[in-house]
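Have a look at the structure first.

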Amino acid sequence: MSCVVPDAADADSPLKADELQVLRAQYEKEGYYVGIQTKFNYAWGLIKSSSRNEQQEGVRLLSDIFRNAPERRRECLYYLALGNYKLGNYAEARRYNDLLLDHEPVNLQASSLRDLIDDKVAKEGLMGVAILSGIAIAAGVVGGMLFKGAKRR
């Protein structure tokens, strides 16, 4: 019997609106005295969202749990890494993911997320180099035209 562990790509499938609403209603119902599990569940749902504002709120809630409930830190690490990855905060995502992999080197989800982070950083790094190269070429062309124009006078 094989065990199928969802990989980090599972994060791209948001909850249905009514499912997230159930988590939100429970969170709001508990109000000031919200339990850690309720807060975690709601943060998890927000992280899976396709809305950037909801993802940011999910990261904020998980950061709060991470700071204030040391016994829950390990379970927050993956979702903090995932939330930061989805927000484009790759250095933070890598930091949280590496902390998790330090404790659980064979964690398949964290390994999958590490690969996604590395791929995204590499692609964005190449895009940055291409943009800078394009700017340098454009500056060279403009500079050359200005130099030529100044030489003619």
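What follows is a set of questions and answers about this predicted model.

Q: How do you know which residue is meant by a number, and what is left out of the values?
A: Residues are numbered from 1 along each chain as its sequence is written, and side-chain values use heavy atoms, leaving out hydrogens and water. As this is a predicted model, local features need pLDDT of at least 70 and side-chain atom pairs count only at pLDDT 80 or more, while totals for chains, interfaces and linings use all residues.

Q: What makes up the secondary structure of the protein?
A: There are 6 helices and 0 strands, giving the pattern α-α-α-α-α-α along the sequence. Helices (H or I, at least four residues) and strands (E, at least two) are DSSP runs, numbered from the N terminus.

Q: Why is Ile65 called buried?
A: Buried means under 20% relative accessible area, exposed over 50%, and partly exposed in between (1.4 Å probe, protein chains only). Ile65 has a relative accessible area of 3%, so it is buried. This residue is found in helix α3, and its C-alpha lies 7.5 Å from that of Phe40, 25 residues away in sequence.

Q: What does Ile65 touch, not counting residues up to four places away in sequence?
A: With contact meaning heavy atoms within 4.5 Å, Ile65 touches Ile36, Lys39, Phe40, Arg72 and Cys76.

Q: Why does Arg72 count as buried?
A: Its relative accessibility is 14%, so Arg72 falls on the buried side of the cut-off. Arg72 lies in the loop between α3 (52-68) and α4 (73-87). Beyond four places in sequence, Arg72 touches Ile36, Gln37, Phe40 and Ile65.

Q: Which residues of the largest nonpolar core touch the most other members?
A: Tyr42, Leu62, Cys76, Leu80 and Leu113 do, out of 32 residues in this core. Helices α1, α2, α3, α4, α5 (90-103) and α6 (108-152) each supply at least two residues, and the largest share, 9 residues, comes from α4. A nonpolar core is a set of buried Ala, Val, Leu, Ile, Met, Phe, Trp, Tyr and Cys residues joined through side-chain atoms within 4.5 Å. In soluble globular proteins, nonpolar side chains tend to be buried together.

Q: What does Leu62 touch, not counting residues up to four places away in sequence?
A: Leu62 touches Phe40, Ala43, Ile47, Cys76, Tyr79 and Leu80.

Q: How do the axes of α1 and α2 cross?
A: The axes of α1 (residues 17-30) and α2 (residues 36-48) come within 9 Å and cross at roughly 145°. Axes are lines fitted to C-alpha atoms, for helices over the stretch in contact, and angles run from 0 to 180 degrees between N-to-C directions.

Q: How much of the protein is buried?
A: Buried residues make up 34% of the 153 residues.
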